[in-house]
Amino acid sequence: MEDILYVKAEQNVPVQKRELKLKDVVSLYSVNKTMVQKLEKEPFYTIPKKGRKLTMFTITKVYETIHKAYPQITIENLGETDFIIEYEGDKKPGKAWEYVKAALVAAVVFFGSAFTIMTFNEDVNVSGVFEKIYLMVTGKVHSGAGVLEISYAVGLPIGILTFYNHFKKRDIKNDPTPIQVEMRTYEEQMNKAMLKSASREGKTIDVN
(Lines give C-alpha, C1' and ligand atoms only; values in the text may rest on other atoms or scores of the structure.)
Protein backbone atom coordinates (compact mmCIF):
# COMPACT_ATOMS: atom_id res chain seq x y z
CA MET A 1 0.00 0.00 0.00
CA GLU A 2 1.29 3.44 -0.94
CA ASP A 3 2.13 5.69 2.00
CA ILE A 4 0.11 8.87 2.36
CA LEU A 5 1.62 11.89 4.09
CA TYR A 6 -0.76 14.35 5.76
CA VAL A 7 0.47 17.93 6.00
CA LYS A 8 -1.04 20.69 8.09
CA ALA A 9 0.15 24.31 8.08
CA GLU A 10 -1.25 26.99 10.36
CA GLN A 11 -2.07 30.44 9.02
CA ASN A 12 0.65 32.11 11.07
CA VAL A 13 3.68 30.18 12.37
CA PRO A 14 5.94 31.94 14.92
CA VAL A 15 9.58 30.81 14.96
CA GLN A 16 12.57 31.71 17.14
CA LYS A 17 15.41 30.63 14.82
CA ARG A 18 16.51 31.39 11.26
CA GLU A 19 17.47 27.87 10.14
CA LEU A 20 14.07 26.28 9.65
CA LYS A 21 13.31 22.61 9.20
CA LEU A 22 10.00 21.12 8.11
CA LYS A 23 8.96 20.34 11.69
CA ASP A 24 9.29 24.05 12.53
CA VAL A 25 6.83 25.01 9.79
CA VAL A 26 4.19 22.28 9.38
CA SER A 27 2.79 19.24 11.15
CA LEU A 28 3.38 15.92 9.43
CA TYR A 29 1.58 12.60 9.91
CA SER A 30 1.80 9.20 8.26
CA VAL A 31 1.62 5.56 9.28
CA ASN A 32 5.24 5.42 8.13
CA LYS A 33 6.85 6.86 11.26
CA THR A 34 10.39 6.49 9.91
CA MET A 35 9.54 8.65 6.92
CA VAL A 36 7.96 11.33 9.11
CA GLN A 37 11.00 11.45 11.40
CA LYS A 38 13.30 11.88 8.42
CA LEU A 39 11.14 14.55 6.79
CA GLU A 40 10.85 16.56 9.98
CA LYS A 41 14.63 17.06 9.91
CA GLU A 42 14.69 18.19 6.27
CA PRO A 43 15.90 21.82 5.83
CA PHE A 44 13.08 24.07 4.63
CA TYR A 45 14.20 27.70 4.57
CA THR A 46 16.81 30.06 6.02
CA ILE A 47 15.53 33.47 7.07
CA PRO A 48 18.03 36.16 5.95
CA LYS A 49 19.58 38.26 8.71
CA LYS A 50 18.41 41.42 6.97
CA GLY A 51 15.13 39.89 5.92
CA ARG A 52 11.63 40.88 6.90
CA LYS A 53 10.03 39.77 10.11
CA LEU A 54 7.16 38.21 8.15
CA THR A 55 7.72 35.81 5.25
CA MET A 56 4.89 34.40 3.15
CA PHE A 57 4.94 30.89 1.65
CA THR A 58 2.70 28.70 -0.47
CA ILE A 59 2.10 25.10 0.57
CA THR A 60 3.70 23.97 -2.69
CA LYS A 61 7.05 25.09 -1.27
CA VAL A 62 6.51 22.48 1.45
CA TYR A 63 5.58 19.89 -1.19
CA GLU A 64 8.80 20.66 -3.05
CA THR A 65 10.90 19.99 0.05
CA ILE A 66 9.06 16.72 0.73
CA HIS A 67 9.34 15.46 -2.84
CA LYS A 68 13.09 16.03 -2.84
CA ALA A 69 13.36 13.29 -0.22
CA TYR A 70 10.37 11.16 -1.33
CA PRO A 71 9.50 11.88 -4.99
CA GLN A 72 6.67 9.33 -5.17
CA ILE A 73 4.88 10.13 -1.90
CA THR A 74 1.22 11.14 -1.98
CA ILE A 75 0.53 14.30 0.01
CA GLU A 76 -2.79 15.33 1.53
CA ASN A 77 -3.07 18.94 2.71
CA LEU A 78 -5.18 19.42 5.85
CA GLY A 79 -4.23 23.03 6.54
CA GLU A 80 -3.70 26.37 4.83
CA THR A 81 -2.68 26.75 1.20
CA ASP A 82 -0.71 29.92 2.02
CA PHE A 83 0.88 30.69 5.36
CA ILE A 84 3.07 33.21 7.16
CA ILE A 85 6.34 32.58 8.98
CA GLU A 86 6.80 35.16 11.73
CA TYR A 87 10.37 35.44 12.98
CA GLU A 88 10.30 36.46 16.64
CA GLY A 89 14.01 36.10 17.37
CA ASP A 90 15.67 34.75 20.49
CA LYS A 91 15.42 37.91 22.56
CA LYS A 92 12.37 38.34 24.75
CA PRO A 93 11.24 41.69 26.14
CA GLY A 94 11.88 42.27 29.82
CA LYS A 95 9.18 41.94 32.47
CA ALA A 96 9.28 45.68 33.19
CA TRP A 97 8.45 46.54 29.56
CA GLU A 98 5.60 44.00 29.59
CA TYR A 99 4.13 45.67 32.68
CA VAL A 100 4.47 49.11 31.09
CA LYS A 101 2.66 47.97 27.93
CA ALA A 102 -0.09 46.32 30.00
CA ALA A 103 -0.54 49.52 32.03
CA LEU A 104 -0.72 51.68 28.89
CA VAL A 105 -3.30 49.39 27.26
CA ALA A 106 -5.35 49.28 30.47
CA ALA A 107 -5.30 53.10 30.69
CA VAL A 108 -6.38 53.52 27.07
CA VAL A 109 -9.20 50.99 27.49
CA PHE A 110 -10.34 52.53 30.79
CA PHE A 111 -10.49 56.15 29.65
CA GLY A 112 -11.81 55.20 26.20
CA SER A 113 -14.62 53.15 27.73
CA ALA A 114 -15.44 55.90 30.24
CA PHE A 115 -15.66 58.49 27.47
CA THR A 116 -17.84 56.19 25.34
CA ILE A 117 -20.24 55.53 28.22
CA MET A 118 -20.50 59.24 29.05
CA THR A 119 -21.19 60.24 25.46
CA PHE A 120 -23.80 57.48 25.17
CA ASN A 121 -25.55 58.66 28.35
CA GLU A 122 -25.59 62.22 27.06
CA ASP A 123 -26.76 61.17 23.61
CA VAL A 124 -29.78 59.19 24.85
CA ASN A 125 -30.36 61.55 27.83
CA VAL A 126 -30.30 58.87 30.53
CA SER A 127 -30.76 61.44 33.32
CA GLY A 128 -33.91 62.71 31.58
CA VAL A 129 -35.26 59.18 31.34
CA PHE A 130 -34.68 58.64 35.06
CA GLU A 131 -36.49 61.91 35.89
CA LYS A 132 -39.51 60.80 33.84
CA ILE A 133 -39.55 57.41 35.60
CA TYR A 134 -39.45 59.12 39.01
CA LEU A 135 -42.29 61.43 37.93
CA MET A 136 -44.42 58.52 36.64
CA VAL A 137 -43.88 56.39 39.78
CA THR A 138 -43.86 58.99 42.58
CA GLY A 139 -45.67 61.89 40.92
CA LYS A 140 -42.87 64.21 42.00
CA VAL A 141 -39.97 65.81 40.17
CA HIS A 142 -36.71 64.25 41.37
CA SER A 143 -33.18 65.57 40.91
CA GLY A 144 -29.82 64.30 42.09
CA ALA A 145 -28.66 60.78 42.80
CA GLY A 146 -31.41 58.34 43.66
CA VAL A 147 -32.06 54.62 43.62
CA LEU A 148 -32.10 54.40 39.81
CA GLU A 149 -28.85 56.34 39.39
CA ILE A 150 -27.04 54.27 42.01
CA SER A 151 -28.36 50.98 40.60
CA TYR A 152 -27.36 52.04 37.09
CA ALA A 153 -23.85 53.07 38.21
CA VAL A 154 -23.30 49.79 40.10
CA GLY A 155 -25.00 47.50 37.58
CA LEU A 156 -23.18 48.85 34.51
CA PRO A 157 -19.64 47.71 35.46
CA ILE A 158 -20.97 44.43 36.87
CA GLY A 159 -22.80 43.75 33.61
CA ILE A 160 -19.69 44.55 31.55
CA LEU A 161 -17.46 42.29 33.65
CA THR A 162 -20.02 39.49 33.49
CA PHE A 163 -20.44 39.86 29.72
CA TYR A 164 -16.70 39.70 29.11
CA ASN A 165 -16.53 36.49 31.17
CA HIS A 166 -13.59 37.50 33.38
CA PHE A 167 -14.98 36.26 36.69
CA LYS A 168 -16.39 32.87 35.74
CA LYS A 169 -14.78 29.71 37.02
CA ARG A 170 -12.76 28.24 34.20
CA ASP A 171 -13.40 24.68 35.35
CA ILE A 172 -17.12 25.21 34.74
CA LYS A 173 -16.98 26.92 31.36
CA ASN A 174 -13.72 27.38 29.50
CA ASP A 175 -15.06 29.34 26.52
CA PRO A 176 -13.20 32.39 25.18
CA THR A 177 -14.39 35.86 26.12
CA PRO A 178 -16.06 38.08 23.47
CA ILE A 179 -12.98 40.29 23.30
CA GLN A 180 -10.78 37.23 22.70
CA VAL A 181 -13.10 36.14 19.88
CA GLU A 182 -12.86 39.60 18.29
CA MET A 183 -9.07 39.58 18.62
CA ARG A 184 -8.81 36.18 16.94
CA THR A 185 -11.15 37.30 14.15
CA TYR A 186 -9.07 40.43 13.60
CA GLU A 187 -5.86 38.40 13.56
CA GLU A 188 -7.29 35.97 11.01
CA GLN A 189 -8.53 38.76 8.72
CA MET A 190 -5.19 40.59 9.00
CA ASN A 191 -3.26 37.44 8.05
CA LYS A 192 -5.50 36.89 5.02
CA ALA A 193 -5.00 40.50 3.92
CA MET A 194 -1.21 40.22 4.21
CA LEU A 195 -1.19 36.95 2.26
CA LYS A 196 -3.30 38.46 -0.52
CA SER A 197 -1.10 41.55 -0.73
CA ALA A 198 2.07 39.45 -0.82
CA SER A 199 0.59 37.26 -3.57
CA ARG A 200 -0.37 40.26 -5.71
CA GLU A 201 3.05 41.85 -5.24
CA GLY A 202 4.86 38.61 -6.02
CA LYS A 203 6.48 38.41 -2.57
CA THR A 204 5.14 34.95 -1.70
CA ILE A 205 7.87 32.28 -1.75
CA ASP A 206 6.83 29.46 -4.05
CA VAL A 207 8.53 26.51 -5.72
CA ASN A 208 11.79 27.22 -7.53
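Is E187 buried, partly exposed or exposed? E187 is partly exposed, because its relative accessible area is 35%. The classes are set by relative accessible area: buried is under 20%, exposed is over 50%, and partly exposed lies in between (1.4 Å probe, protein chains only). The structure is a predicted model, in which local features need pLDDT of at least 70 and side-chain atom pairs count only at pLDDT 80 or more, while totals for chains, interfaces and linings use all residues. Residues are numbered from 1 along each chain as its sequence is written, and side-chain values use heavy atoms, with hydrogens and water left out.

E187 sits in helix α7, which spans residues 178–200. Helices (H or I, at least four residues) and strands (E, at least two) are DSSP runs, numbered from the N terminus. Between the C-alpha atoms of E187 and K68 the separation is 34 Å. Along the chain, E187 and K68 are 119 residues apart.

The nonpolar interior comes next. A nonpolar core is a set of buried Ala, Val, Leu, Ile, Met, Phe, Trp, Tyr and Cys residues joined through side-chain atoms within 4.5 Å. The largest such core contains 25 residues. L5, V7, L28, V62, I66, F83 and I85 have the most contacts inside this core. Two or more core residues come from each of β1 (4–8), β2 (12–15), α1, α2 (33–40), α3 (59–69) and β8 (82–87). In soluble globular proteins, nonpolar side chains tend to be buried together.

Contact means heavy atoms within 4.5 Å. With neighbours within four places in sequence left aside, F83 touches A9, E10, Q11, V25, F44, T55, M56, F57, T58, I59, V62 and L195.

Nonpolar side chains also occur at the surface. V129, I133, M136 and V137 make up a nonpolar patch there. Together they have about 420 Å² of accessible area. Accessible areas come from the Shrake-Rupley method with a 1.4 Å probe; for residues, only the protein chains shown count as cover. Patches consist of residues with over 30% relative accessible area and no salt bridge; like charges are joined within 9 Å, and nonpolar side chains (Val, Leu, Ile, Met, Phe, Trp, Tyr) within 5 Å. I133 belongs to helix α5, residues 126–138. Its relative accessibility is 34%, so I133 counts as partly exposed.

N125 lies in the loop between α4 (95–124) and α5. Its phi is near 60 degrees, a positive value in a residue other than glycine. Most residues other than glycine have a negative phi. N125 is partly exposed, with a relative accessible area of 42%.

Charged pairs were then examined. A salt bridge is a side-chain nitrogen of Lys or Arg within 4 Å of a carboxyl oxygen of Asp or Glu. The whole structure holds five salt bridges. One of them links D24 and K17, with the closest N and O atoms 3.4 Å apart. The D24 and K17 side chains also make a polar contact of 3.4 Å. A polar contact is a pair of N or O atoms within 3.5 Å; within protein, one must be able to donate a hydrogen and the other to accept it, and residues adjacent in sequence count only if both atoms are side-chain atoms. D24 is part of helix α1, residues 22–25. Beyond its neighbours within four places in sequence, D24 contacts V13, V15, K17 and E19. K17 is partly exposed, at 38% relative accessibility.

A second salt bridge joins the side chains of E64 and K61 at 3.2 Å, N to O. E64 is located in helix α3. E64 and K61 are separated by about one helical turn, because they are three residues apart in helix α3. E64 is buried at 17% relative accessibility. K61 is also buried, with a relative accessible area of 8%. Apart from neighbours within four places in sequence, E64 is in contact with V207 and N208.

E201 and K203 form another salt bridge, with the closest N and O atoms 3.1 Å apart. E201 is exposed, with a relative accessible area of 52%. K203 is partly exposed, at 42%.

K49 occupies the loop between β5 (43–46) and β6 (54–58). K49 is exposed, since its relative accessible area is 74%. K49 and R18 are 31 residues apart in sequence. Their C-alpha atoms are 7.9 Å apart in space.
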